[in-house]
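Visitor: Could you walk me through this one?
Guide: Gladly; here it is.

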Amino acid sequence: MSIVGRRLTTKLYQASAQKLCVLGALAAILTGLLAFSGCQPKSSLETVSGDVQVLIPKPDSSTKKYHLDIATLKGIKSLKEVRGEYVQFIYSPGGAEGTLVGGAPRARFSRNEKGVFLPLDLITTQMSAIYYHLQNLMDLNDLLGLNSLTRKPFQVGLEVKKPGLNNSFERNNAFYDGLSDSMLFLPNSTQDLALYLNAGVIAHEFFHSIFFKKVLGAVIQSSVKNGSGPRTMNDDHPANVFNLVWLRGVNEGLADFWGWAYTDDPDFMGLSLSQEIESRTLNVRSDEIGVHQRQIDIRNQVGWAARQGQRGERYISDFIYTIGTPHARFLKLMASLEEVGSSDEEQLKKVARSPVPAAAKQKWLEIVVSFLDDLARESLAKLEKEKPNEFLAGRLFQFVAQRAELSPVLNQKQCEYLIKYLEYDQTPIGTDDFGGAVAVAGREFTCQKSDEHGGFIVTSKMSERLQNHEAHRSKENLDKPVVDESKAIEGVRGVK
Ligand SMILES: [Zn+2]
């Protein structure tokens, strides 16, 4: 079993925001808190419960900068531990894999004359901010019909000790851990905004819990049940290895979309990972629309990494974001175009700056939830049994096109941009690393107004080039109004 193959499944259990946040920012926040006038002596925090007002750093919806603002923490049972209906904190948790064992941190607050509680140290600020955002994200889950997935109270580990290189502990990162169904924050040591104060990062990690419960849990369970264990490069069904890497990437991309939807800030990740502001922004340049990692790209990258050992595994851990980001940008573009319908560069810039209405966001969040159901249905076990060579790359774009046939999902501009993603998968690309000639079929796509339901739908037909190649095929295969790239590929692919 190759190292890459063995580690792929292990990696499924943990998904991270990769490197995040803040001593400098925290110091500034604390200075602000302590300078806040009118503080009264500490009250007995054990007796404070119910809905409690606290002062936390919150992102301003217009400037995206963080400033101190009042937040209501709902369902608090003990303010001394900032524990309540929504969240329970554990300080530097220990315990076996899959469990979080430890005590709660002790919070320190002052109460001002208006009854607002002011955090007096970093850990209390951290707990208050995380509680507030997770509470909002769980309420959002309720709105999206995902309440059965939410574990209340959600467990959060703070100051988590994760062994790193050279006998030291890792810092500046955040994880969702599927085994213990908890969110873990590592200590901070950077000057950027701490990950645990970044509302977008908290939303990103929270999405990983949704993806785990909707999709990955089923994938892992089925591989355990089959006794097949993790996929390897020598597997009879290598498509599953590539599909697992793609799933990890899509998990990151959709998580970034969740972070944007919650904060309305396309650059929320850059606030904490300043070195990644360009690579992780959700604003898409006009010349990047459509570009994403196709099946051939993923096959080549994974194939190369499999020959590099440990280095290859690290490479794939970065590569998954290259898979994910185009998905995040695609969804944000679609949501932004709900009410702005133009396509030139200036208009795109305007779209990038304008706040997106809540209803538009909710519509595309709901589309993501249906997409997760689609992925769960197409679990790897099922693919292995019924369609052993089917690749999932490109599936989100195909899914949106198929969905548009059922309900008025797309306006004209959205449809035109979607086509760019579908067309990109049709680019002829030659041979792959495994010696297979993967000439991708040329299907041509057009947008058609559907008077039936008032939206636009994607229709496709084989290109002339492919028609010549496939001349022996019967005419009834042509002009299918269905976007099913895998079917088109089957005809010309020389891969076993
Ligand atoms: Zn992540």
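Predicted model: local features only at pLDDT ≥ 70, side-chain atom pairs only at ≥ 80, totals over all residues.

Visitor: Okay, how many helices and strands does the chain have?
Guide: The chain has 16 helices and 13 strands, where helices (H or I, at least four residues) and strands (E, at least two) are DSSP runs, numbered from the N terminus.

Visitor: And what share of the residues is buried?
Guide: Of the 496 residues in the chain, 46% are buried; a residue is buried if 20 or more other C-beta atoms lie within 10 Å of its own, exposed if 12 or fewer, and partly exposed in between, with C-beta atoms placed from the backbone. Of the contacts with a separation of 6 or more, 71% are between residues 24 or more positions apart, a contact being two residues whose C-beta atoms, placed from the backbone, lie within 7 Å.

Visitor: Let's pick a strand. Is β9 mostly covered or mostly open?
Guide: Strand β9, residues 154-158, is mostly covered, with four of its five residues buried.

Visitor: Which strands does β9 pair with?
Guide: β9 pairs in the parallel sense with strand β6 (residues 87-91) over five bridges, and also in the parallel sense with strand β11 (residues 182-185) over three bridges; two strands pair if DSSP finds at least two bridges between them.

Visitor: What is the peptide bond from K152 to P153 like, cis or trans?
Guide: The bond from K152 to P153 is cis, with omega near -10°, and P153 belongs to the loop between α3 (122-143) and β9.

Visitor: And in the loop between β9 and β10, what about the phi of N172?
Guide: N172, which is found in that loop between β9 and β10, has a phi near 55°, a positive value in a residue other than glycine. N172 counts as buried because 21 other C-beta atoms lie within 10 Å.

Visitor: Moving on to S180, where is it found?
Guide: S180 is in the loop between β10 (174-177) and β11, and it counts as partly exposed because it has 19 C-beta neighbours inside 10 Å.

Visitor: What does S180 touch?
Guide: Not counting residues up to four places away in sequence, S180 touches G98, T99 and L100. S180 and G98 lie 82 residues apart in sequence, yet their C-alpha atoms are 4.1 Å apart in space.

Visitor: Switching to P59, is it buried or exposed?
Guide: P59, in strand β3 (residues 50-59), is buried, since 22 other C-beta atoms lie within 10 Å.

Visitor: What about K64, then, and its phi?
Guide: K64 has a positive phi of about 65° although it is not a glycine, and K64 is found in the loop between β3 and β4 (66-78). With 16 C-beta neighbours inside 10 Å, K64 counts as partly exposed.

Visitor: Now the helices: at what angle do α13 and α14 pack?
Guide: Helix α13 (residues 395-406) and helix α14 (residues 412-424) pack at an angle of about 135°, with their axes 9 Å apart. That angle makes α13 oblique to α14. Axes are lines fitted to C-alpha atoms, for helices over the stretch in contact, and angles run from 0 to 180 degrees between N-to-C directions; those under 35 degrees count as roughly parallel, over 145 as roughly antiparallel, 65 to 115 as roughly perpendicular and the rest as oblique.

Visitor: Which residues meet there?
Guide: F397, V400 and A401 in α13 meet L418, Y421 and L422 in α14.

Visitor: And which residues of α9 and α11 meet?
Guide: L331, M334 and A335 in α9 meet A360, K361, W364 and V368 in α11. Helices α9 (residues 310-336) and α11 (residues 358-377) pack at about 140°, with axes 8 Å apart, and are therefore oblique to each other.

Note on methods: Residues numbered from 1 in each chain as written.
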